[in-house]
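Hi,

Here is the structure I promised to pass on. Please have a look at it, and then read on for what turned up.

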Amino acid sequence: MFLETAKVVEHCHFIEPGAEIFHLLTLSAPKIASSAKPGQFVMVRVGAAILDPLLRRPFSIFYQGKDTISLLYKVIGKGTNLMTTWEPGDKISVLGPLGKGFKIFSSEPQWLVAGGAGIAPLCFLGSRLREKKVSFKTLWGLRYKIAPALMGVIQQKLGDLIIYTENGSLGYQGLVTEGVKRLRQEEKPEGIYACGPLPMLKALFRWTKEEGIAMQVSLEANMACGVGACLGCVIETKEGYKKVCRQGPVFNAEEIKWEK
Amino acid sequence: MGKVNLAVKVGRLELKNPVLVASGTFGYGEEYAQLVDLNRLGGIVVKGLSLEPKIGNPPPRLVETSCGLINAIGLENIGVERFIKEKLPFLRQFETKIIVNIFGYSFKDYAGLAAKLTAAGVNALEVNISCPNIKEGGKFFGTDPTSAAAVTKAVCEETDLPVFVKLTPQVTDIVEIAQAVIEAGADGVSMINTFPAMAVDIHTRRPKLGNITGGLSGPCLKPIALKMIWEVVRSLHIPVMGIGGIMSAADALEYLIVGAQAVQVGTANFVNPRTALEVIDGIEDYLRLHHFKDIKSIIGSVLIPK
């Protein structure tokens, strides 16, 4: 874990009519970059000199370069809104890498199932799986299409993806949770890694349980410290409350009390 | 440039510098040891402990508001026995004072905690009397001078350690409470605890916290805390540890100038884990700039126009 002053290297804004907007921030942070593992996250200080927004914001690492980390994000509040103004050369305080990442399943094939910005930790994981020559497929559910340039970035890391959009503007129309059922007719995965909105993860968990498929999920929670000190980010598991920041963010889906 | 003296004595508690980290914002110390040289801190106030472990409140436990953070952790902690066995040996390695925050549901709980921690060997106790759901008719110990004094007495009878009582700002007259705990034997007061608060999601129309309400901390609290400390110090001339939204040395200096003898950095630890160290350095720079050789020269030095 390092507290590093990172420099913005590149900041891409994928904005197109009718497309879901994403931003891709690449930071030079050599210490964090060299020790990060798929599924780990960083806490980014958003308002260095100002106190509102106050807390750091957690982001999963989207991919790792030699001395850089890249974060894929959507604007959801004043913190992420402010982040979009960052330009190359800006200096940002970053704490990381934090938390426990994914454990790679021992047998194949494996699936990555993402919803929206939940693609971020899975992209890092997928590129690691490719290096290890693990056979996997990626399913990604979105509301609308995304800019082709972003698709290019992701395909470069993950290879081909199976896309589901709610309005059918890209890939199949429908939810990614329907997509897994369709793909299941072709093959049975030996393990699934998932990240996305809670309703998606809940539905996936019900299905994987029926099918007897192991799943790891990357969860998010409101978080203040990121290091296990504030006890603010707990989720309910079968063994009581666990800290998303320290005992997660990746959990075995079995552990989680999903009905809560 | 001569050396400046940062050492202070708060009641009977001697600190090498007046900057501590506040309870609940620094875990049991080990969480931040990789990032912060704990030896440099004036002291560490450990996460609040109860006799038995406590699981805390249902999530979500945090919500950020403008310049503030509302938390409803619910005093989750591992209990005093595990603290003594598993956490204290680690903390003892460092050249800093270990102050343990304690809370209970009855006078007996507080007395028991004081006895156990005194036997285990810590440097001071901070008595949290601002927690709800307590036996005494559901009223906060912290809002009634008689109960506040009784808790303080129960603790002081079991310990010879310096005792600080952490006060809630949710009272009509904080001077009255401060006076009561000092007369009951406390060395000083830590003020202030979080301010009761809530936030609502307008789309779901539900409270943003699992516990519905929580305690507000962060920079938005500082002016309130400063005023309360100023009232207490000018009326009672007692040792105070100032807490509330300290983000920088300038913030800490305001507290010292109104009369706090030490300060605790809280929420800022989450934002920048090295805040306390930067505050220490900044205070030193300030003293040099203004040609003070000793921090005591500025404590309580506020100039009130006649």
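This is a predicted model: local features need pLDDT of at least 70, side-chain atom pairs count only at pLDDT 80 or more; totals for chains, interfaces and linings use all residues.

The largest nonpolar core has 185 residues, and the members that touch the most others in it are A:V42, B:I44, B:L125 and B:I229. Domain 1 (2–98) and domain 2 (110–218) of chain A both contribute residues, so this core lies between them. Taking A:V42 as an example, its contacts, leaving out residues up to four places away in sequence, are A:I32, A:F59, A:I61, A:I69, A:V94, A:L95, A:G96, A:P97 and A:L98. As background, nonpolar side chains in soluble globular proteins tend to be buried together.

Next, the contact between the chains. Chain A puts 23 residues into it and chain B 29 residues. On the side of chain A that touches chain B, β14 (234–237) and β15 (240–243) of chain A are the elements giving two or more residues. By type, the residues on that side of chain A are 16 nonpolar, four polar and three charged.

Four strands form an open sheet in the order β5-β6-β14-β11 (chain B), paired antiparallel. Because β5 (62–65) and β11 (195–198) of chain B are at the edges with a single partner strand each, one side of each has no neighbour in the sheet. On average, neighbouring strands of this sheet are turned by 40 degrees against each other, direction ignored. Within the sheet, β5(B) pairs with β6 (residues 68–71) of chain B through four bridges in the antiparallel sense; B:V63 has B:I70 in β6(B) as its bridge partner.

Best wishes

Terms used: Residues are numbered from 1 along each chain as its sequence is written. Chains are lettered from A and ligands numbered from 1 in the order in which they are written. Two strands pair if DSSP finds at least two bridges between them. Axes are lines fitted to C-alpha atoms, for helices over the stretch in contact, and angles run from 0 to 180 degrees between N-to-C directions. Two residues are in contact if their C-beta atoms, placed from the backbone, lie within 7 Å. Ala, Val, Leu, Ile, Met, Phe, Trp, Tyr, Cys and Pro count as nonpolar, Asp, Glu, Lys and Arg as charged, and the others, Gly among them, as polar. A nonpolar core is a set of buried Ala, Val, Leu, Ile, Met, Phe, Trp, Tyr and Cys residues joined through C-beta atoms within 7 Å. A residue is buried if 20 or more other C-beta atoms lie within 10 Å of its own, exposed if 12 or fewer, and partly exposed in between; C-beta atoms are placed from the backbone. Domain bounds come from an automatic or database domain assignment.
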